[in-house]
Amino acid sequence: MIRVEERPLPAEAERGLQAWQAEIDGVVDFARRVETGKQRFSGKNRRDNAVFAVVRQVLAEMCRGVVRCMYCEDSLADEIEHHKPKHFFPSQVFQWKNYLFSCGPCNGTKRNQFSVFTDSGEMIVDGELVGRLAEPVGDSVLLNPRVDDPLEFMKLDLVGHTYNFFPTADDGTVSRRRAEYTIEILRSKRRDIGPATRRKAYEGYRARLTEYIFHRDRGGDAVHLDQLKKALLGESHPTVWHEMLRQQKDIPELKALFDQAREALVWR
Ligand SMILES: [Zn+2]
């Protein structure tokens with residue numbers, strides 16, 4: 001998961017979402033409000049809906065690489081995902097800021113996996129949220145790549161070649177629990193194929209950088225070199241690239257490459 005760059009939703013689409021949200025907010029009974037929200041969302045979230053065509057377009061522009069899923073960074077994103085699930089948060093059904101773009105498997109796996117921290121720091125997990133008669137109050141435990149920078153909470157193990165994420169915050173802190181929870185959700189989404197795809201991405205980035213150095217050293221022109229840079233940045237798993245930049249000093253084969261191409265240390 002990597003921080004996504006925010007883009008504004010055009011005002012007309014924003015007004016469309018707000019009008020639908022107001023309709024849901026007007027339903028008094030909580031259980032009915034949840035049901036109304038789900039029904040309205042599946043009714044509106046269609047390819048031929050003008051507002052959702054714009055929502056999809058802007059979300060796609062916010063994705064890294066070639067419209068990669070905001071969770072796994074591996075597959076094509078084509079589904080609108082609610083960071084706060086509509087099952088628990090009817091007030092968030094048509095909230096632009098609550099939308100992420102994900103692939104089918106990630107959207108399908110996450111469903112209602114969501115936990116919150118109460119004011120006292122207690123963690124309420126999804127199972128305990130079921131059957132409540134009001135929206136949970138508290139902060140999201142799951143990191144939101146539109147708000148949080150996941151690389152501030154976790155690190156990818158490149159040095160040990162496991163390609164697993166591990167939390168970096170101190171034990172017992174809120175940041176630590178958010179990192180652990182997010183890593184577990186990400187892991188469950190991809191059923192453990194994550195490390196293999198990240199390893200492949202690592203090898204791909206390394207090869208792309210080697211190719212760039214090869215052509216640069218043989219006098220490749222600026223346009224060609226820029227194409228090679230863009231091709232590298234368009235690959236899946238941008239987190240792997242960002243970790244290569246962050247950890248290159250600790251990995252001899254990477255340090256050797258980046259020593260030859262210092263300019264690549266700022267490619268993002
Ligand atoms: Zn995904």
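This is a predicted model: local features need pLDDT of at least 70, side-chain atom pairs count only at pLDDT 80 or more; totals for chains, interfaces and linings use all residues.

Reader: Which domains does the assignment give?

Author: The domain assignment of the protein gives domain 1, residues 11-190, and domain 2, residues 194-266. Taken over C-alpha atoms, their centres are 31 Å apart. To the contact between them, domain 1 contributes 17 residues and domain 2 contributes 19 residues. On the side of domain 1 that touches domain 2, helix α6 (residues 174-190) supplies the largest share, three residues. That side of domain 1 has eight nonpolar, three polar and six charged residues.

Reader: Where do nonpolar side chains tend to be found in soluble globular proteins?

Author: In such proteins, nonpolar side chains tend to be buried together. Here, the largest nonpolar core has 47 residues, of which Cys69, Met70, Tyr71, Tyr205 and Val240 touch the most other members. Among the elements that give two or more residues to this core are α1 (11-25), α3 (50-62), α7 (194-217) and α9. At least three residues of the core come from each of domain 1 and domain 2.

Reader: Which residues are in contact with Cys69, leaving aside its neighbours within four places in sequence?

Author: With those neighbours left aside, Cys69 is in contact with Asp74, Ser75, Ala77, Ser102, Cys103 and Cys106.

Reader: Ser102 also belongs to strand β2. How are the side chains arranged in a regular strand?

Author: In a regular strand the side chains alternate between the two faces of the sheet. Strand β2 (residues 99-102) has Tyr99 and Phe101 on one side and Leu100 and Ser102 on the other, and all of these are buried, so that both faces are covered. Strand β1 (residues 79-82) runs antiparallel to β2, and four bridges join the two. One of the pairings links Glu79 with Ser102 of β2.

Reader: Is His161 buried or exposed, and why?

Author: His161 counts as exposed because it has 11 C-beta neighbours inside 10 Å, and the cut-off for exposed is 12 or fewer. His237, by contrast, is buried, because 26 other C-beta atoms lie within 10 Å, where 20 or more are required.

Notes. Residues are numbered from 1 along each chain as its sequence is written. Domain bounds come from an automatic or database domain assignment. Two residues are in contact if their C-beta atoms, placed from the backbone, lie within 7 Å. Ala, Val, Leu, Ile, Met, Phe, Trp, Tyr, Cys and Pro count as nonpolar, Asp, Glu, Lys and Arg as charged, and the others, Gly among them, as polar. Two strands pair if DSSP finds at least two bridges between them. A nonpolar core is a set of buried Ala, Val, Leu, Ile, Met, Phe, Trp, Tyr and Cys residues joined through C-beta atoms within 7 Å.
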